[in-house]
Structures are given as structure tokens and as C-alpha cells.
Amino acid sequence: MRSLRSTALIGAALMLAPAAVLLSSSPAGAATADAQVSVFHGIPGVEVNVYVNDKITLTDFKPGAMAGPLSLPAGTYKVEVTSYAADKAAGKKTADVIGPANIPVMASHNYTIAAHLTTDGKPTATVFDNDISMLPAGKGRVTVAHIADAPTVAITANGATLIKSLSNPNSASAVVPAATYKVGVVAGGKTVYSTSLPVAAGVNTIVFAYGTYPATFAVAVQKITGLGSAPMGVPAGEAGLANDAPSFPGYAVVAMVLAVLGALVAGRRVLAGSRQA
Amino acid sequence: MSRRGWLGLLAGCLAALVLIPTGWALTRPDATGIGQLPVLAGPAAPTVAPPASVPDSGPGAPAIPIYQADLVAQPGTETRTPTPTTLTIASIAVSVPVEAAGVAPDGTVAIPHNAYHVGWYEFGPAPGDATGSAVIVGHRDSRTQGRGALYNLGAVNLGDQIQVRLSDGTTLTYRIVERRLYLKQGLPWATFFTNQGPPRLTIITCGGAYDPHHGGYQDNLIVTATPD
């Protein structure tokens, strides 16, 4: 079965990676400003193979698994997803379950390609261009990606609405003080799912809600670190009691005044003596 | 007195007028501080690999890091690293409790209200972490409480020992490598608030000239110490 939603596919692809794989999740990537690309398998019940530019890149990739991040140079990549079982039985690449899709990758961006179900239960892929903007000191970003075969929902954090309306295949995020939040998924006015989610400072914590609700609904997390800023200052004093720059001491002033007087008196005497001589 | 005597007195007074201020200037410590920061441009912070399970790769499939991302299966979820509880600087008779310090609404570090406590910046490295600057801040003084815990920080010397006791009962020891006044205006905070570079302890308070009409203390007094 082939399914392609070119309007939904906006993103990236994997290429055969050389042995030296960049394992960092930091946004800057390699010195060459490559993109960072991860792949998430959000379709329960089927192991897949992922092909990029006709080469097999991931095999027996399991539901709930995250691959990467990989550094990839900017460019366009062809991505296809097949059934691992079907390929194995046939001894070769079988029909695409998702794709083929030609996906542009931009330098320095951070992408997650998610394989998931539409609200019609059909396999598709959506590429998320992750927010890697710097965060103020002490704050984190929480992102929720709705890739579940489920209706439109709202997201709450500690009871307050974080995201008013979110539907498949979209994501939304908010910057919040670093803390552990009780995150709720609300559908039809009812909280249908909730979990405890730590949101660290300087991190974009991305939550993928995937699967078919309620039977195979599940939640996965990806973290992009290195987005924190230093605080704006350390205001640690207010009374002016400390003295780090001692002034010229009083006794030295007295000594210099005496020296001036002495010089004047002695100078007069010396000059008077000269005139008399 | 003879003419020779008056000449001698004149010479002596002129010499004093030159030597007193010169001698004073030469015996001052360096105007801004002593020592220097450790070499910070070290290797990049170690990259952390997500726990990888290399898939059953057929021929031609390279090893790419893969991990189970399910929320319940999150590996290494928020392991509590020990936090600092006491700061001791014996050379200036300081031994004070350490609280956690966050960020104030204006984006600056929230210094503990209690001027006799100090705060560890909880969004940066902890003392004992493998890399980066663990920051401890404290008031130099307070309008209501007088001298703060770090009032005498300007009197520390290179090589002085600093001890930090952690919540797990262990004690870390550091040696001071720099004590310096940094002008607040344009201070490069990213140098001191970072998880990159060699592990170090950074103690920050206020200092320098005090101008009540322009924000009070004009400098931050920053002491940097490296693990002993």
C-alpha cells in the first residue's frame, strides 16, 4: 500500500551515514552548518525499513524508536519506507508503504521525520522543522506533536491550557519556566491522557503523541539540548559597604603636606643663602 | 642650619614628594584583580549518545544511533546529581549554607534573600560535574542585613582553598586561580555561565566602585577556582 501526502511532507531525509556519526543533539551541528536529522517511527505494530536515495538506511526499525540525530549536508533527499517483514520475505525491497518523497533539507536546521498514521488510519510521514531558538535563562521549551489517529485536542500543563487546539499532523510549542509539569491531553472536554513531564532549562522537550486512540495510543519524547542562555546579571550588593579600591591613605597625605612645607622653607633658605653669597 | 643642611632638607622633601605616591602606587595589588581564568577553549563538551541498540542490520545498513523514545522507557530520567549544601573559604573565615538559586523575573540570578547564605545557580553545572562552570552567588552587603556572606571575598589570594560540601555527604576541594573585578557593563556572562570547558567553581558577588545614583556597585567581583 502506498500513501503519499505531498502537502504534508515538508521535511528531510536520511542518507547513508559514514562511520563518523555526530551524536550530539545540539543545534549548531558540524562546523559546515549541516542539518541535524532524526527519524521517529510512530506507527504501532509494524517494523519498517527506511531507504534514502535508494540505499537502505534503517532496518527493522521498531515502533516508538528514534534514530539519529545525523548531520546531513543541505540538499534534497528521496525517502521511502517499506515493511521490514515484506522485504525480508521477498529478499529485496518491496513496495513503498510511505513515499517516495523528495524532501529539501536546509543547512543548520534540526528536523524530525515522523512516520505516523493519518486520522484515516493510513501511514504517512511528516517532517517537523524543530524550534532551536535560544531560550532565556531558566526556561525550557515544551513542544507537542500530534501524530496520532485521534481527534483534535488541547494540551494542559499543571491544569492550565498550554496549547488551545492541536490536530494531526501539527505541532505547537511554548516556552515555560524549567520544572516538572503534569501534562494533560484534553479531547471533548475530558482529559484522556496525562503524564509527568520534566522540562529542563535550555532544552526543547518534544512530545510525540502517536498511535491509534485509544487502542495503541502512546507518547514518546525527544530532547534537543544546548539552547540555554546565560542570565542577565548577578545583582549581589546594594549598600556600598565594601571598599575594593582603597584611596590614598591619610597619613601619606599628611606626610606629603609636611614635605611640601619643608621644601618651601628649605627652598627659601637655600635661595636666601645664594643671594647673600 | 648651614646652607648644606637646607639643601639636604630640600632634596629630602622633594624626594619624599615623589617617592610617597610612587611607593603607594607600586604596592597596590593589580587594580582589577589577580590570577587568570583557566584555558577555556578546550575540546567541545562531550556529546551524549542516546542509548543505542544497533538494529539487526542487513548488509549495507550502517550503524545509526537508535533508542526507544517512549516516555516510560526514557533512560537516565532525571537522575538526581548531588547538590551543594555548604561553602567554606577558610582564608576569609567563610562557612555558609548553600541554597538553590534560580532566575528572577528580570532575567538575573535570584540571589538568596538571606545575606548570610549563598546560592548555587541551579540551571548550570553542579560542583562535581565533569565540565563547565558551577556558579555560586551571594550578597556583598544588604541595606537591611549589613555585610553579606561574601563581604570579604576581595581578600582571597591565589591558591586559597575552597571546599564545597554536597548533599550526598562528600566534599569537593578547589584552589583559587583568579580573583578579579569585572565591569558589570558588557560583562560576558556566557564565559561564566556555561556547561562547556574545564570543570571549575565560580563565585560571584558585587564590588568595585559604588555609585548610588547609577546602579550601586559598578563591578562584579568574580573568583574562579579549579578542582584540587
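The numbered points below go from the overall make-up to single residues.

1. A word on conventions first. This is a predicted model, in which local features need pLDDT of at least 70 and side-chain atom pairs count only at pLDDT 80 or more, while totals for chains, interfaces and linings use all residues. Residues are numbered from 1 along each chain as its sequence is written, and chains are lettered from A and ligands numbered from 1 in the order in which they are written.

2. Chain A has two helices and 16 strands; helices (H or I, at least four residues) and strands (E, at least two) are DSSP runs, numbered from the N terminus. Of its 277 residues, 45% count as buried. Here a residue is buried if 20 or more other C-beta atoms lie within 10 Å of its own, exposed if 12 or fewer, and partly exposed in between, with C-beta atoms placed from the backbone. Among the contacts in chain A with a separation of 6 or more, 66% are between residues 24 or more positions apart. Two residues are in contact if their C-beta atoms, placed from the backbone, lie within 7 Å.

3. Do have a look at strand 1 of chain A, residues 35-41. Seven of its seven residues are buried, so the strand is largely enclosed by the rest of the structure. In a regular strand the side chains alternate between the two faces of the sheet. Both faces of strand 1 are covered here: A:Ala35, A:Val37, A:Val39 and A:His41 are buried on one side, and A:Gln36, A:Ser38 and A:Phe40 are buried on the other.

4. What does strand 1 of chain A pair with in the parallel sense? That partner is strand 7 of chain A (residues 110-117), over six bridges, and A:Val39 has A:Ile113 as its bridge partner there. With strand 4 of chain A (residues 65-72), strand 1 pairs in the antiparallel sense over five bridges; A:Gln36 is bridged to A:Ser71 in strand 4. Two strands pair if DSSP finds at least two bridges between them.

5. Strand 4 of chain A also reaches across to the other chain. It pairs in the antiparallel sense with strand 2 of chain B (residues 66-68) over three bridges, and A:Ala65 stands opposite B:Gln68 in that strand. Strand 4 of chain A also holds A:Pro69, and the peptide bond from A:Gly68 to A:Pro69 is cis, with omega near 5°.

6. On the interface as a whole, 60 residues of chain A are in contact with 65 residues of chain B. On the chain A side, strand 3 (55-61), strand 4, strand 14 (190-199), strand 16 (218-224) and helix 2 (250-276) each supply at least two residues. Helix 2 gives the most, with 12 residues. By class, this side has 40 nonpolar, 15 polar and five charged residues. Ala, Val, Leu, Ile, Met, Phe, Trp, Tyr, Cys and Pro count as nonpolar, Asp, Glu, Lys and Arg as charged, and the others, Gly among them, as polar.

7. Chain A is divided into domain 1 (1-130) and domain 2 (131-228), with bounds that come from an automatic or database domain assignment. Their contact takes 22 residues from domain 1 and 23 residues from domain 2. On the domain 1 side, strand 1, strand 7 and strand 8 (123-129) give two or more residues, and strand 7 has the largest share, five residues. That side of domain 1 has eight nonpolar, 14 polar and no charged residues.

8. The largest nonpolar core has 114 residues, and those with the most contacts inside it are A:Ala114, A:Phe208, A:Ala209, B:Ile136 and B:Val137. Such a core is a set of buried Ala, Val, Leu, Ile, Met, Phe, Trp, Tyr and Cys residues joined through C-beta atoms within 7 Å. Leaving aside neighbours within four places in sequence, B:Val137 is in contact with residues including A:Val234, A:Ala236, B:Ile111 and B:Ile204.

9. Finally, a few backbone spots to check. Most residues other than glycine have a negative phi, and most peptide bonds are trans. The bond from A:Tyr213 to A:Pro214 is cis, with omega near -5°, and A:Pro214 is in the loop between strand 15 (204-212) and strand 16 of chain A. A:Asn158 has a positive phi of about 50°; it is in the loop between strand 10 (153-157) and strand 11 (160-166) of chain A, and is exposed, with 12 other C-beta atoms within 10 Å. B:Ala93 has phi near 55° and lies in the loop between strand 3 (84-89) and strand 4 (94-101) of chain B. B:Ala93 is exposed, with 8 other C-beta atoms within 10 Å.
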